[in-house]
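Good morning. I will go through one structure, starting with a strand pair, then a helix, then some charged side chains. Please look at the screen.

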Amino acid sequence: MAGDEDWVEIKFRLADGTDIGPSKFDQSMTVSSLKEKIISQWPKDKENTPKTVNDVKLINAGKILENNRTLAESRLPVGELPGMIITMHVVLRPPSLDKKSEKLQNDPPIKNRCMCTIL
């Protein structure tokens, strides 16, 4: 196993204030792999559940992390101390309706209207 400096301890804060973790992760792990771990550990009692890594956004120190980057590339060392737990915020992409299969039948059809007001 690699030295302790190759690992980082992270907890994930969900929108409702609950946490997943903390857990230790290798800094060579990609953000996409980290999101897969979050999805697998997602609390079952939550109303909204992410289905893919694209449904999840990770924010660290106000910066949205990119899927193809590693944790080492994404870390902001300012304010981090050795042995400190990093808190990353998890934001879910709102579910989008598939226009073909999930179109709401109760919605009235949208009509294009133009309105002009002359004062």
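Start with Trp7, whose bridge partner in β2 is Asp26. Before going on: this is a predicted model, where local features need pLDDT of at least 70 and side-chain atom pairs count only at pLDDT 80 or more, while totals for chains, interfaces and linings use all residues. Residues are numbered from 1 along each chain as its sequence is written, and side-chain values use heavy atoms, with hydrogens and water left out.

Strand β1 (residues 7–13) and strand β2 (residues 19–26) run antiparallel and are joined by 6 bridges. Two strands pair if DSSP finds at least two bridges between them. Helices (H or I, at least four residues) and strands (E, at least two) are DSSP runs, numbered from the N terminus. The hairpin has 5 residues between the strands, and Gly17 there takes a positive phi near 95°.

Now helix α1, residues 31–40. Its buried residues are Val31, Ser32, Leu34, Lys35, Ile38 and Ile39. They sit on the same side of α1, because they cover an arc of only 155° around the axis. That arc is taken from the directions from the helix axis to the C-beta atoms. Buried means under 20% relative accessible area, exposed over 50%, and partly exposed in between, with a 1.4 Å probe and protein chains only. These buried residues pack against β1, β2, β3 (56–60), α2 (71–74) and β5 (85–92).

Lys35 has no salt bridge, and the nearest side chain of opposite charge, Asp55, is 9.5 Å away. For charge, Lys and Arg count as positive and Asp and Glu as negative; His and the chain ends are not counted. A polar atom of the Lys35 side chain does lie 2.8 Å from the backbone oxygen of Val56.

A salt bridge here is a side-chain nitrogen of Lys or Arg within 4 Å of a carboxyl oxygen of Asp or Glu. By that rule there are 4. One of them joins Asp16 and Lys46, with the closest N and O atoms 2.3 Å apart. Asp16 lies in the loop between β1 and β2 and Lys46 in the loop between α1 and β3, so the pair ties together parts that are 30 residues apart in sequence. Salt bridges that share partners also join Lys11, Arg13 and Asp19 into one network. In it, Asp19 meets Lys11 at 3.7 Å, N to O, and Arg13 at 2.5 Å.

Notes:
Contact = heavy atoms within 4.5 Å. Polar contact = N/O pair within 3.5 Å; in protein donor to acceptor, adjacent residues only side chain to side chain.
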